[in-house]
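Please consult the sequence and the coordinates alongside them.

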Amino acid sequence: MQLKPKAPRPTPANARRRLIAASCALLGAAARSQQANVAPADSGLLEDWSVDSALAYYHEDGRILAIEPVVNLAKVFADGQSLNFNGTFDSLSGSSPNGALTSHTAQTFASPSGKAKHAYTTAPGQLPVDPNYQDTRIAVGGNWTLPFTRVDQLSVGAKVSDEHDFFSVTVNASIAHDFNEKNTTLSFGISNEFDSLSPIGGAPVPGSDYALSQKNAGKTKDGVGALIGVTQVMTRNWLTEFNVSVDRFKGYLNDPYKITSIIDSAGNTTGYEFESRPDQRTRKSAYWENRVGWNQQLSTALSLRYMTDDWGVRSDTAQLHLRWTLSNRDRYIEPTLRWYRQTAADFYTPFILSATVPTTGFESSDSRLGAFHALTYGLKYAQKLPGLGSRAESEFSVRAEYYQQTFNERIATPAALQGLDLYPGLKAILVQVGWRF
Amino acid sequence: MKSKHLSFLFLVCSAAIASGCTSLGVKPWQRDVLAREEMQLGADPVDAAIDDHMYFSKEASSGGRSFAGGGCGCN
Amino acid sequence: MAGKASNAPDEALRVEVRGENLLAVCFTAMASPCETLLSSTVDAAALELGTLVAQEAWRVEKKFSRYRNDSVTAWIHENRGTRIEVDEETASLIDFASQCFDLSDGLFDITSGVLRYAWKFDGSDRIPEAAAIRHLLPLVGFEKLEWQSPRLLLPAGMELDFGGIGKEYAVDRAYDLLAARRSAPFLVNFGGDLRANRSPSHGPWQVGIERPDTDRTAKMILDLEHGALATSGDSRRYLLKDGVRYGHILDPRTGWPVWHAPRSVTVAASSCTEAGLLSTLALLHGARAREYLEEQGVRYWLLQ
């Protein structure tokens with residue numbers, strides 16, 4: 001939960017150390033506003049919306065290309081209330097793996113739409129991907145934070161996301177309480193998500209034969225989540241946050257476009273079936289973030305996350321942001337390193353052997369449920385510029401990230417499939433330009 | 001410098017364990033460092049949203065910092 | 001800032017040679033002689049840095065002077081009774097003043113300036129009527145203003161005066177400007193409040209502190225390697241009645257001068273703001289000044 005402790009009035013005692021601190025705070029603040037303007041501030045300043053916008057370009061090698069403009073508007077009112085609106089537009093195109101296994105022979109797939117012109121054939125040795133993948137998504141959200149005592153605040157929010165085959169509404173509410181001179185913040189929040197799926201061509205019956213194309217009309221899923229967080233100021237330059245959360249999703253949790261190859265003992269693909277995931281999933285996670293300001297130039301944000309769910313997925317995430325503020329405080333660079341590792345879901349399988357019956361009755365070849373580790377390397381450069389109109393400053397930034405997944409757990413495969421890259425992994429780049437004013 | 005910081009961290013950690021939250025923290029006028037933009041939790045909401053969306057659509061985990069779920073048909 | 005009722009600071013700079021490899025760039029700001037001492041033999045380089053310091057001093061004076069009608073202080077006074085939003089620098093000064101008020105139990109109060117209307121420290125015997133003080137006291141008290149950075153509401157009749165911290169703050173600001181550009185020894189001195197980065201090669205800085213109301217030329221000489229010194233005193237401003245000397249240090253809680261305040265207190269600290277505040281607070285502790293300074297564990301020089 002992201003809450004910023006504020007300063008209450010102190011009580012007098014032991015003045016010396018406080019004087020030093022107060023002087024340092026004054027001079028520190030002065031250093032920040034190096035060329036502080038002589039003119040009195042425009043009293044309408046706070047009434048303005050601050051805008052944080054970005055345009056992201058995401059490219060997965062040989063597959064998906066996405067353009068994603070994002071805008072975030074925030075306004076703080078004089079009485080401490082704040083409003084926040086955000087909007088995202090996502091435009092994806094390219095090809096998406098359909099879950100089938102790479103094979104020595106060419107494979108032909110019908111399009112989910114059922115249209116003959118969208119049927120596609122995958123060459124031998126190639127990972128089957130649906131080349132007609134195209135999607136646009138519009139998401140808008142809002143959040144309202146209301147301090148109702150000096151140390152308590154309530155926050156409510158809602159988000160709506162729309163795609164041609166997916167519609168989602170999420171609402172959340174949280175309450176936060178400050179104590180210990182606002183050095184400690186406890187928060188509790190709940191969230192509720194309602195999704196409705198209307199896949200092209202219908203929602204397949206889980207585990208049914210691909211060739212029979214047994215499909216139903218739209219499906220739904222919904223989720224509830226709860227989160228408890230503690231934010232603690234540890235020292236003058238160290239802030240820590242610890243969250244635990246649990247969420248539970250129920251309903252149609254399958255990816256309607258994912259199929260799994262059925263192969264015989266010789267390694268020949270004899271057919272496909274639609275994936276079949278359980279109809280509920282409970283996830284628990286623990287998250288710990290530390291922000292430390294080492295000196296005037298350098299600060300770090302380190303976050304660690306452990307997540308586990310009842311599908312058998314466990315994951316560890318460690319992310320480090322390093323912010324290096326350059327000499328005159330109008331520029332900074334921010335290198336990022338993220339390491340992620342997950343175990344496979346119990347029912348993950350890259351293929352089904354026609355001789356065996358899946359023991360759980362569930363199966364998915366969706367690589368996102370497989371065992372892999374991923375690394376992200378990122379670098380951001382930001383430049384502060386004079387503000388527009390009454391604003392003090394604006395910030396222009398460029399950011400690039402390289403994301404790579406490597407699969408580390410391999411299932412014994414029939415000899416005939418040896419030599420094929422059944423776990424191609426993923427390489428993606430993200431380039432983003434941002435403008436904040 | 002580095003080892004000094006580390007031993008400092010260790011000291012503060014032990015202090016935290018020994019005496020609980022109430023002895024931690026700073027006085028209101030010692031918030032000069034904590035007031036810096038980069039010291040705020042969720043300092044870059046847009047960057048975080050774009051990253052979260054990417055990871056949500058490529059991995060089996062989401063949430064932690066805030067609620068899980070993505071409101072996206074991509075996973 | 002203690003300043004003359006002049007709207008245009010005297011913006012003249014003068015370079016003086018103070019010794020081998022030591023130049024001083026002198027100017028006047030905040031009604032005080034100011035100087036930047038630099039280990040340098042190059043006039044042009046010294047003048048460039050000295051100009052930077054002088055401009056910062058003039059900027060701070062111009063911005064916060066209560067004697068100028070285009071200052072932020074004047075603007076705040078014009079907007080008494082309405083909620084206004086001040087710029088970041090002003091906000092940080094008010095924050096600082098707020099903290100000083102709290103931790104000095106109300107002894108340090110930037111709203112105490114209105115007491116000037118009753119007290120005219122001109123060396124005469126015109127002690128104000130107690131009624132006049134009582135009349136002004138409701139207008140004193142930092143707790144009476146609404147302050148939630150950066151929003152301020154100054155009630156009608158009240159005043160803010162940054163004079164008690166402005167000069168020392170200006171020294172630190174100027175110091176930071178120089179420190180960012182120069183590692184060779186320098187010292188910034190605004191009317192006796194000063195700060196140095198390090199000793200010149202031939203030994204520590206020799207700082208002369210004026211001894212009040214004795215022979216003006218007699219100075220106490222202190223050695224300073226680095227850090228700041230600030231001096232507060234009531235040397236030249238007082239009232240004398242029935243043999244009782246009323247110094248110009250007023251207790252904002254009573255509206256009356258602090259009794260038995262030292263004539264002058266000089267404090268050494270790492271920043272000039274801190275040194276200035278400690279010396280002012282020491283004076284405000286009156287007879288307990290020495291005790292107070294001992295408690296704080298600072299280096300000090302006290303003249304009774």
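A salt bridge here is a side-chain nitrogen of Lys or Arg within 4 Å of a carboxyl oxygen of Asp or Glu. This is a predicted model, in which local features need pLDDT of at least 70, side-chain atom pairs count only at pLDDT 80 or more, and totals for chains, interfaces and linings use all residues. Residues are numbered from 1 along each chain as its sequence is written, chains are lettered from A and ligands numbered from 1 in the order in which they are written, and side-chain values use heavy atoms, with hydrogens and water left out.

Q: What is the distance between the closest N and O atoms of B:Asp44 and A:Arg323?
A: B:Asp44 lies in the loop between helix 1 (2–19) and helix 2 of chain B, and A:Arg323 lies in strand 18 (residues 314–325) of chain A, so the pair joins two chains. Helices (H or I, at least four residues) and strands (E, at least two) are DSSP runs, numbered from the N terminus. The two residues form a salt bridge, and the closest N and O atoms are separated by 3.7 Å.

Q: Which residue of chain A, located in strand 23, pairs across the chains with B:Asp44?
A: B:Asp44 has a relative accessible area of 13% and is therefore buried; buried means under 20% relative accessible area, exposed over 50% and partly exposed in between (1.4 Å probe, protein chains only). Its side chain takes part in a salt bridge of 2.6 Å, N to O, with A:Arg436. The partner in strand 23 (residues 426–436) of chain A is A:Arg436.

Q: Is strand 14 of chain A largely enclosed or exposed?
A: On one side of strand 14, A:Ile259, A:Ser261 and A:Ile263 are buried, and on the other A:Thr260 and A:Ile262 are buried. Five of the five residues of this strand (residues 259–263) are buried, so strand 14 of chain A is largely enclosed.

Q: Which residue in strand 20 of chain A is the bridge partner of A:Ser261?
A: Two strands pair if DSSP finds at least two bridges between them. Strand 14 and strand 20 (residues 351–353) of chain A run parallel and are joined by three bridges. In strand 20, the partner of A:Ser261 is A:Phe351.

Q: What is the relative accessible area of B:Gly71?
A: B:Gly71 lies in the segment after helix 2 (45–58) of chain B. Beyond its neighbours within four places in sequence, this glycine is in contact (heavy atoms within 4.5 Å) with A:Arg137, A:Ser161, A:Phe166, A:Ser168 and A:Glu193. B:Gly71 is buried, with a relative accessible area of 4%.
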